[in-house]
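Thank you all for making time this morning.

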Amino acid sequence: MDLYGFYTGKIFDAYQFLGAHLTDQGVIFRTFAPGASRIALIGEFNEWQETAMQKTNDGNFWECRVENAKADMMYKYRIYDKSGRCIDHCDPYGFGMELRPNSASFIRDPDAYKFSDEKWMASRSDCKNDPLNIYEIHMGSFRKPSEKADDWYNYEEMADLLIPYLKENGYNYLEIMPLNEYPCDESWGYQSTGFFSPTSRYGTADQLKAFVDSCHQNKIGVIMDFVPVHFAVDDYALAHYDGTALYEYPHNAVGVSEWGSSNFMHSRGEVRSFLQSAANYWLSEFHIDGLRMDAISRAIYWQGDPGRGVNMNAVEFMKYMNQGLKQLHPSVILAAEDSTSFPGVTKDTSDGGLGFDYKWDMGWMNDTLDYFRTDPKYRSTDYHKLTFSMMYYYDDQFLLPLSHDEVVHGKATILQKMNGDYENKFPQARAFYMYMYAHPGKKLNFMGNEIGQFREWDEKREQDWNLLDFPKHQEFHQFMIDLNHIYLDHPAFYEKDYKTEGFQWLDCHKEKKCIYAFERFGKKERIAAIFNFSDQEQADFTLKIADAKTLKPLLLSDWDVYGGDMKKSNKKLDVKNTKISFTLKPFSAAFYVII
């Protein structure tokens, strides 16, 4: 390992040196613990009795070799601090861990599984000019073998359940909430103890590799949530690892996050090398196709508060990490979950940006959901909440998220957020989703949204699939399937997402009627999207569409097959002298191919 690069935060391969590594002469164990007075290795291979580790390299690293250690055996480091106090720790660079509440690391053979996804890896892209329709899941609550909270399908079993569902429903990417090891189910993986350890809740590292491989062979990309900002406080993990604040800040004022976890100290090169190596590990060893970086606003600003100023060390870390990851893996997707207005999040690092491919458009999400919560009689006042997103849209490369965060903690599910009674929620939700899928930007939808889930998400329960026994939910699900496939099949919806010529308002000044219309452009295709978000029928709405002769119906939210009262028809509409008139049903949306 390049020691200078490790200390200066320049390397991405620290995991190839640190941790437990199989050799012809047994297993060699290495850990970085400059503050320790001594370290002993304990594990299954020595009946959990102490085997002394020796200082190596510059004296800040410790190592030992155990001839009879083998793959899948468990181990820990017993670390003594300067006062002689000891704590048994999992390996920060361990490639596997026990299920909570146990905490030993596993020796793993990284070369045991052989991928068969060469074709996918050679052809994948960052989807800037391609469709990106992401289905976000929590692996343990998509489906469950039983009603027990801690009964889960393993990674390979999930492949059999999930992949056919994704293909049928029209999602071409899967985003999984963190799969690194974590102690508390309720943290959903965002407070990690094992940054290199796939959680054993769902099986082994090789089973996860098989899951990703199966996705790729079915032309589905896999994005994983990655948390480079903070970590769990459990004393067997990173917290005070060698008896000192090795990974975290020594002062609580900036060292403790709003979630009670420990903040990484990004000014330390060893911490940057740790996080960069972890990110590269998932992309290299598991063929993960992208990382959604969590809580980036808390890295940009001290404690996420713009009033406390920019954390320049963390900002420089993100720039260097993203630049390095894109050099190593040019086709991966790097997405930032960031709610701030910090400039240049998706600009190239050579232009002073942070180097992300995409930024979650939290402003679009909040404004749009607020609009649909509002009673229709007040929507004219809020009319421009829906036009505002295009005022700033080209400042960054945005992704439109309806994530797990929007369906928990008393926020209500997406369908439940729609204003009004049960009957009126469904047509509004159909019109809302058509607005989302026609709006520029890539798409993300959390599991359950597509079936009209009413109950907020609970990580202990599977989704309410029994809803599909009810006609309204069947119709809504079919609508979402058709909408997803239309998005994937029509380049006008994605080909020019980040070019100004890919979008044009046709009418954004029908404030009193709550009508909106815009046009999306592909290289060879034009699509008109028309919306009536009022609760009144709007007659004789006239639209001017340049160079149009005919409109071919592509999708209408009010078709009877989706629960509306309009018979589905493919009859083309004539445009006379670039003008055409419509009667728009309440809470309705329509897509037309312009010919």
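What you see is a predicted model, in which local features need pLDDT of at least 70 and side-chain atom pairs count only at pLDDT 80 or more, while totals for chains, interfaces and linings use all residues. Residues are numbered from 1 along each chain as its sequence is written, and side-chain values use heavy atoms, with hydrogens and water left out.

Let me start with the spaces. They are found on a 1 Å grid over the protein atoms alone: a cavity is a set of points where a 1.4 Å probe fits but cannot get out, a pocket is an open set with protein on both sides within 12 Å along at least five of seven lines, and lining residues have an atom within 4 Å of a point. Grid points are joined across faces, edges and corners, and a volume is the space filled by probe spheres set on the points.

The largest pocket holds about 480 Å³, and among its 20 lining residues those nearest the centre are Trp-188, Tyr-190, Trp-259, Asp-294 and Asp-405. Its lining divides into five nonpolar, seven polar and eight charged residues, where Ala, Val, Leu, Ile, Met, Phe, Trp, Tyr, Cys and Pro count as nonpolar, Asp, Glu, Lys and Arg as charged, and the others, Gly among them, as polar.

The second largest pocket has about 400 Å³ of space, and of the 18 residues that line this pocket, Trp-120, Ser-123, Arg-124, His-216 and Lys-219 are closest to its centre. Helix H2 gives the most to that lining, with four residues, and both H2 and helix H4 (205-217) supply at least two residues each; helices here (H or I, at least four residues) and strands (E, at least two) are DSSP runs numbered from the N terminus. By class, this second lining has six nonpolar, six polar and six charged residues.

Now to the aromatic rings. A pair of aromatic rings is described by the distance of the centres and the angle of the planes. The structure holds 75 aromatic pairs, counting rings of Phe, Tyr and Trp (its six-membered ring) whose centres lie within 6.5 Å, with planes under 30 degrees apart called stacked, over 60 edge-to-face and the rest tilted.

One of these, Trp-364 with Tyr-435, is stacked, at 6.4 Å centre to centre and 20° between the planes. This pair links distant parts of the chain, since Trp-364 belongs to helix H9 (residues 362-373) and Tyr-435 to helix H12 (residues 422-438), 71 residues apart. Both Trp-364 and Tyr-435 are buried, buried meaning under 20% relative accessible area, exposed over 50%, and partly exposed in between (1.4 Å probe, protein chains only).

Tyr-422 and Phe-426, by contrast, form an edge-to-face pair, 5.2 Å centre to centre with 75° between the planes. Because they are four residues apart in helix H12, about one helical turn separates them. Tyr-422 is partly exposed at 37% relative accessible area, whereas Phe-426 is buried at 3%.

Which residues does Lys-128 touch, not counting residues up to four places away in sequence? They are Asp-357, Tyr-358, Gln-397, Lys-442, Tyr-494 and Tyr-498, contact meaning heavy atoms within 4.5 Å. Lys-128 sits in the loop between helix H2 (118-123) and strand E10 (133-137), and its 17% relative accessibility is why this lysine counts as buried.

In that loop between H2 and E10 we also find Cys-127, which has a positive phi of about 65° although it is not a glycine. Most residues other than glycine have a negative phi, and most peptide bonds are trans. The peptide bond from Arg-100 to Pro-101 is cis, with omega near 10°, and Pro-101 is found in the loop between strand E8 (86-89) and strand E9 (105-106).
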